Amino acid sequence: MKKEPVITIKNLNHYYGKGALKRQILFDINLDIYAGEIVIMTGPSGSGKTTLLSLIGGLRSVQEGSLKFLGEELFGVSQNKLVQMRRKIGYIFQAHNLLGFLTARQNVQMAVELNENISQTEAVSKSEGMLGAVGLKERINYYPDNLSGGQKQRIAIARALVNHPPLVLADEPTAALDKQSGRDVVEIMQSLAKEQGTTILLVTHDNRILDIADRIIEMEDGLLARNSQSAVIS
Ligand code: ADP
Ligand code: MG
């Protein structure tokens, strides 16, 4: 049986700037990503990786072409709809984007409380459970400033995954980490995602983590390499 794609992109183009300054950044992108797949996107700096990720994540409006997330077309949808859809996505960025005045647990808990109508007690236990899963059980009451880069990125992973989103988008999540921490961070993402059946799209320059991918796709000058476009699903 053929699996339904989580993301279906057809003939997607994207431009920055207006008038004489208008410049095309993405060229005829076609891509399907299936449930539970871990896809790594590589490619030189400036090739359009972050732009594509932000379109998939509903952080920018689709200008031309079709982009479907869980079967729903994003071209032409309202900002309201985009906001709703963002709740189904976990984001992990290069900079962890944690709030410094909140502890590890509070940072994760905030994501739970923004999403769900659950009691404080439940939110606390859910957040602590997730921090335990990323190996930070002993650090739940620490502030980000008192933790290492790798530990902070693990909090960001806990925050992205705590609501069990169907899709996680990660933009160079290991870029600021040393080799071992980078490795640890992606292995945690990989095992949690496989447990929860989460789909992951991860952008990286880091050759040391390519082996966690089910599929590697390559962006160059706003084009996806041809062999990136069709997945071989076994
Ligand atoms: P990557 O993530 O692969 O480094 P980006 O998607 O960030 O690539 O950028 C692709 C191209 O678009 C680059 O030439 C970059 O300078 C340009 N660009 C990115 N963001 C903007 C923006 N907000 N406005 C104008 N140009 C942009
Ligand atoms: Mg980028």
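**View 1. Strand β7 in its enclosed setting.** In this predicted model, strand β7 (residues 167-171) is largely enclosed by the rest of the structure, because five of its five residues are buried. Both faces of the strand are covered, with Leu167, Leu169 and Asp171 buried on one side and Val168 and Ala170 buried on the other.

**View 2. The strands that flank β7.** Strand β6 (residues 89-92) runs parallel to β7 and is joined to it by four bridges, and within this pairing Tyr91 stands opposite Leu169 of β7. Five bridges join β7 to strand β8 (residues 199-203), again in a parallel arrangement, and here Val168 has Ile200 of β8 as its bridge partner. Together with helix α6 (residues 179-196), β7 and β8 make a right-handed β-α-β unit.

View 3. Four strands form an open sheet in the order β2-β1-β4-β5, with antiparallel pairing, and its edge strands, β2 (23-34) and β5 (72-73), each pair on one side only. Strand β4 (residues 64-69) is joined to β5 by two bridges, and Lys68 has Glu73 in β5 as its bridge partner. Helix α1 (residues 49-56) lies across β1 (5-16), β2 and β4, and runs at about 125 degrees to β1.

View 4. Leaving aside neighbours within four places in sequence, Thr42 is in contact with Lys49, Thr204, Leu210, Ile216, Ile217, Glu218 and Met219.

How values were computed
Residues numbered from 1 in each chain as written. Chains lettered and ligands numbered in written order. Predicted model: local features only at pLDDT ≥ 70, side-chain atom pairs only at ≥ 80, totals over all residues. Heavy atoms only, no water. Contact = heavy atoms within 4.5 Å. Pairing = 2+ DSSP bridges. Axes fitted to C-alpha atoms, helices over the stretch in contact; angles between N-to-C directions. Buried < 20%, exposed > 50% of the residue type's maximum accessible area, 1.4 Å probe, protein only. Right-handed = clockwise from strand over helix to strand, strands pointing away.
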